[in-house]
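Have a look at the model first.

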Amino acid sequence: MLLHDTALIFGRYARQTLRSRFAMLFGVLMPLLHLLFFGPLLTELPLGARGTSWQVLVPGLLLQLGLFGAAFAGFTIIIEKNLGIVERMRVTPVSRLALLLGRVLRDAAVFVLQAVLLVLAALVMGLRAPLAGVLIGFAFVALLTLSLASLSYALALKVRTPQEFGPAVNALTMPSMLLSGLMLPMTLAPAWLDVLSHLMPFRYLVDAVRDAYVGSYATAHMLYGVLVALSLAALAVTVGTRVFRRAGA
C-alpha cells in the first residue's frame, strides 16, 4: 500500500510539474548563470584543491541547486493549505508517509533533471569528469533534495503564511551555502572558518562530490559524505512524516 500510495502522490505532482515546464527550466537558471559568468573567473586561480576549476565549481553548483530548490519546496504546501487541498487529503486513507514521499520524490526527479542540464552545459564549457563521478554527483543531489524538501514541507506545515516561511528559509540557506564551500573550496578560508565549516553537513557532501569528479572514490571524504547524506535523509524523512501525521495532512 505504501508503494501504491506513493506512486499515486508522485504521479499527481509529476503531472503538475510537466504542465509547468517553464518553471522547471527556470529553476536551473541561477546555477547556470554562476557557471557562465563565475566559472571563467576561476580558470587561472589557484584554488588549493585537486582537479580543474570546473571540477571544483560544478559539484558546488549541483548541490547549490538542490539546496535552494528543495529548501523552498514548502511554498507549494502553504498554497495547498490555503486552497483546502491539504484538508481534503486529510480525510483520505492514503499513508501519511506516502503523502511526503510522493512530494519529495517528485522534487528529487526534477532537480536531478536540472542537474543533468547543468552538467551538459558545463561539459560544453570545458568540464571533464569521469562518468561514474558525474552519476555519483546526481545521487548526492537526489539525497540532498530528499532531505531538504522533507524539512521544508515540515516547516511549511508549521507556519501560516509565505511571509513567515521565506525569511526563515533564507536565514538557514545562505549561511549554509557560504560555510559549506559550495562556491569555493574551504581550503582558501582562514583556519577558524575552515573549522567552523565542518559543523555544516553540506561541507561533507560537496567534498565527496569533488572527489568523485576527479575520479577518487575510496576516500575519507566520500565515506563521510555518504554517511552524512544518508543520515540526513533518514532524519529528515522521519521528522517530515511525524509533522505530516500531527498536522493531519
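The notes below go from the whole chain to a few side chains.

## About the model

This is a predicted model, in which local features need pLDDT of at least 70, side-chain atom pairs count only at pLDDT 80 or more, and totals for chains, interfaces and linings use all residues. Residues are numbered from 1 along each chain as its sequence is written, and side-chain values use heavy atoms, leaving out hydrogens and water.

## Overall build

The protein chain has twelve helices and zero strands, taken as DSSP runs (H or I of at least four residues for helices, E of at least two for strands) numbered from the N terminus. Along its principal axes, the C-alpha trace spans about 60 × 35 × 35 Å.

Of the 249 residues, 48% are buried; buried means under 20% relative accessible area, exposed over 50% and partly exposed in between, with a 1.4 Å probe and protein chains only.

## An aromatic cluster

Phe72, Phe75 and Phe165 form one aromatic cluster. Rings of Phe, Tyr and Trp (its six-membered ring) pair if their centres lie within 6.5 Å; planes under 30 degrees apart count as stacked, over 60 as edge-to-face and the rest as tilted. By this rule there are three aromatic pairs. Phe72 and Phe75 are stacked, because their ring centres are 6.0 Å apart and their planes at 5 degrees.

Phe75 is partly exposed at 27% relative accessible area. The rings of Phe75 and Phe165 have centres 4.8 Å apart and planes at 75 degrees, so this pair is edge-to-face. Since Phe75 lies in helix α5 (residues 75-83) and Phe165 in helix α9 (residues 162-179), the pair ties together parts 90 residues apart in sequence. Phe165 is buried, with a relative accessible area of 0%.
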